[in-house]
Each structure stands twice: as structure tokens, then as C-alpha cells.
Amino acid sequence: KAGFLPPDELTEAKQVLAALESGARLPGGCTSKDACEAYCQESSHIEECFEFAVAAGFIPPEEVEQARKMMPLMARGEMPGGCRSKEQCEAYCSQEGNMEECITFFEKAGLMSQEDLEMFRKTGGKGPGGCQGMEQCESFCNDPANQSVCFEFAKEYGLIPEEELEHMKEGLAQ
């Protein structure tokens with residue numbers, strides 16, 4: 001109420017408090033954010049820190065399973081570019097020269113199907129208009145101004161079965 005904490009830190013503090021009230025324990029008995037972060041940098045503490053992060057809601061429920069698949073690789077220091085967070089990994093993997101390393105990682109972690117891996121290799125990890133990720137590309141392609149670019153991209157990379165291509169061409173022409 002007094003405004004001592006920025007909104008993002010306040011939200012985080014409330015999440016920690018809720019986790020503690022529901023029986024979770026701070027990793028390694030740490031007593032401050034800095035101490036917890038230092039403790040969790042040690043790969044041998046990854047499981048304990050992961051479980052606390054899940055309990056506190058720091059990892060969105062829809063990402064827990066993916067994160068769980070990455071934990072053994074993280075513990076062994078096998079993350080692309082040595083990244084330690086989703087944001088760091090996304091930043092590293094968005095750089096063109098790191099694509100092959102990231103694809104190998106995605107495959108090893110079981111994060112992508114063979115079909116998706118091949119498409120990632122073909123397209124360089126980018127969609128029409130340079131979009132990245134399903135959400136961003138859907139948003140881009142849902143804009144009527146981008147439909148012809150998206151159509152050409154889908155055609156070029158074989159994303160649309162031949163029989164549907166003719167129907168779509170007719171629709172675009174209309």
C-alpha cells in the first residue's frame with residue numbers, strides 16, 4: 001500500500017507468500033530473493049527450485065511439462081548458449097547463428113515433433129513476415145493485409161495440401 005515495491009516485485013512477493021502459506025518451503029532455506037537466486041543457480045538444486053517455482057506460480061501451468069523435460073538438460077549444463085531462463089533461451093535461439101544448436105536441443109529435450117523440427121529447419125525458425133511462434137504468426141496472418149504473404153509462405157513450405165491450394169487461390173482472387 002505504501003508503494004515500496006514496484007508492481008512486478010509485489011506480485012512476485014504475493015506469489016511467494018501464497019506458496020509458503022500453502023506449505024511450500026523456500027529452496028535451501030534462503031531468506032531473500034538474492035539468496036534464493038544464488039542458491040538456485042547451482043544445478044544440483046534445480047529440482048528443489050523447480051518445485052518451488054511451480055508452487056509459487058512462477059512457471060505458468062501450461063509450461064510446466066515443457067520445463068520438466070528441460071530440467072535434466074539444465075542440470076547437466078546442456079542448455080543452448082548456457083541459458084537459464086525461458087527469456088534467455090528465447091533470446092539466444094532467436095539469433096540466427098544459434099539455430100542449429102537450438103534445434104538439436106529441442107530434439108534432445110523432446111520439445112518438438114520431427115515434423116515441427118523439419119519445418120523449423122526449412123524456415124529458419126521464422127514464419128511469414130518474420131513472425132516467430134504460433135501465437136505471433138497467427139496474429140500476423142489473421143490480419144487481412146498479410147493474407148497473401150501468409151498464403152505464399154504456406155505454399156512455398158508445403159503447409160497446405162495441394163487440393164486446398166486451388167480453393168484458397170480462388171478465395172484470394174475473390
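A disulfide, as counted here, is a pair of cysteine sulfur atoms within 2.5 Å. In this predicted model, C40 and C49 make such a pair, with 2.0 Å from S to S.

**How confident is the prediction?**

Before going further, a word on confidence. The mean pLDDT over the chain is 87, and 97% of the residues reach at least 70. Confidence is highest in helix 3, which covers residues 46-55, with a mean of 94. At the other end of the scale is helix 10 (residues 162-173), where confidence is lowest, at a mean of 72.

**The disulfides**

How many disulfides does the count come to? There are six. If you number the bonded cysteines along the chain, the pairing reads 1-2, 3-4, 5-6, 7-8, 9-10, 11-12. Here are three of these links, with their sulfur distances:

| Disulfide | S to S distance |
|---|---|
| C30 to C36 | 1.8 Å |
| C40 to C49 | 2.0 Å |
| C141 to C150 | 2.0 Å |

Let us visit them one by one.

The link between C30 and C36 has a torsion of about 80° about its S-S bond, so this disulfide is right-handed. Are its two cysteines buried or exposed? C30 has a relative accessibility of 8%, so C30 counts as buried. C36, at 15%, counts as buried because its value is also under 20%.

Next comes the link from C40 to C49. Which hand does this disulfide have? The torsion about the S-S bond is about -90°, so the disulfide of C40 and C49 is left-handed. Its two ends fall into separate classes: C40 is partly exposed, at 22% relative accessibility, whereas C49 is buried, with a relative accessible area of 10%.

What is the relative accessibility of C141? The value is 23%, so C141 counts as partly exposed.

**Looking back**

Definitions and conventions: Residues numbered from 1 in each chain as written. Predicted model: local features only at pLDDT ≥ 70, side-chain atom pairs only at ≥ 80, totals over all residues. Heavy atoms only, no water. pLDDT = per-residue confidence, 0-100. Helix = DSSP H or I, 4+ residues; strand = E, 2+ residues; numbered from the N terminus. Buried < 20%, exposed > 50% of the residue type's maximum accessible area, 1.4 Å probe, protein only.
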